[in-house]
Amino acid sequence: MRSIWNGAISFGLVSIPIKLVNATESRSVSFRQIHTEDGGRVRYKKVCELDGEEVTQAEIGKAYEDADGTMIPITDEDLAALPLPTAKTIEIVAFVAAGEIDPLQMDAAYYLSANGVPAAKPYTLLREALKRSDRVALAKYALRGRERLGMLRVVDDVIAMHGLLWPDEIRAPEGVAPETPVTVREAELDLADALMATLGEVDITTLHDDYRTAVEEMIAAKAAGGEGVAPPSPGEEEGGRVIDLMAALEGSVRAAREARGEDAVVTELKPRGTAKKATAKKAAAKKTAAKSTSAEPAPTKKTAAKKTTAKRTTAKKATAKSTSARKATAKSASGQKASGQKRRPA
């Protein structure tokens, strides 16, 4: 890959010579402008608005347009004389967690290649340090006449750099959110959750540009002498049409399940609040049943043992009384016999 910028990474007192290479490329189909009457190519000419003469690239310079329309010429020497320490250096200023970078700041992406054999060791050191720390490096660099902000991270065994917009270049989302107050029902959230779960995850490498494919097929058909691709039949316009959100969500879940070869039946989901109330009612019923049961407790082993012991104690007492009565009767009878013998005449 051809490098677009040569410089060095400044990592404290360590300097790493690198080459900057584009990490992305556009695959969009490009078109030329033509004259529709004869198909001739339409080209742009750079013309001076004062004298109407066409000028070459060598005759073109830079200027800053003031508020009143005055042009202030700026030369390359003027820009080169500016105190720009990052002119040929990617200066690392901090190491932060990747989550601290707002995705809105992401811009162009580049690969950083070690420039020469001596750069291999410090390049590998920085790469492994980034891996182990699980952080990204924030850096400042200059490219195409301006200083920029960048983020360095590891991709496989390569250090990649994402150009970042400066924080003050991110616009606040004022007036973007819906101003009309809207209430989202629990049942709608449940269906949205079900749709998200049905769609699941996707291998992003399997996604492709269907529109670009259609354009290429149309161009190939025209090049072969055909009429291109037949336009699609006009469908019903949905712009501004009021839709039944619940029906749309249920239809979306059904279609997603059919696409995955799953059961297309969509079970009616009860709102989360209703489910909570039903659970509370069941709990209350269980509590009432427990109270009514506790009014007449079932006999436990301990209670049965107490009853058995009481019965045995009563039986023993009864036996003891019976024994005492027999002894008293026997003693009385013995006394009467002895008394009779004493009363006999001699």
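The following legends accompany close-up views of a predicted model.

**Figure 1. Overview of the chain in the predicted model.** The chain has 346 residues, of which 16% count as buried. Its secondary structure comprises 7 helices and 9 strands. When the contacts with a separation of 6 or more are considered, 61% of them join residues 24 or more positions apart.

**Figure 2. Helix α5, residues 245–259.** Beyond the helix comes G261, a residue with a positive phi, near 75°.

**Figure 3. The buried and exposed faces of α5.** The buried residues of the helix are M246, L249, V253, A256 and R257. Because they cover an arc of only 100° around the axis, these residues lie on the same side of α5. The pattern can be read against helix geometry: an α-helix has 3.6 residues a turn, so residues three or four places apart point the same way. Helix α3 (186–199) is included in what covers the buried residues of α5. On the face turned away from the buried side, α5 carries E258 and A259, both exposed.

**Figure 4. The largest pocket of the model.** This pocket has a volume of about 360 Å³. Its lining consists of 15 residues, and those nearest the pocket centre are L84, A87, A142, G145 and R146. At least two lining residues come from each of β1 (3–11), α1 (76–80), β7 (136–143) and β8 (146–155). Helix α1 gives the most to the lining, with 3 residues. Sorted by class, the lining of the largest pocket holds 9 nonpolar, 5 charged and 1 polar residues.

**Figure 5. The second largest pocket.** The space in this pocket amounts to about 190 Å³. Its lining is formed by K46, V47, C48, E49, V55, I60 and G61. In terms of class, these lining residues divide into 4 nonpolar, 2 charged and 1 polar. Cys counts as nonpolar and Gly as polar in this division.

Definitions and conventions:
Residues numbered from 1 in each chain as written. Predicted model: local features only at pLDDT ≥ 70, side-chain atom pairs only at ≥ 80, totals over all residues. Heavy atoms only, no water. Helix = DSSP H or I, 4+ residues; strand = E, 2+ residues; numbered from the N terminus. Expected span 1.5 Å × (residues − 1). Buried < 20%, exposed > 50% of the residue type's maximum accessible area, 1.4 Å probe, protein only. Arc of directions from axis to C-beta. Contact = heavy atoms within 4.5 Å. 1 Å grid on protein atoms, 1.4 Å probe; cavity = no way out; pocket = protein on both sides within 12 Å on 5 of 7 lines; lining within 4 Å. Points joined across faces, edges and corners; volume = space filled by probe spheres on them.
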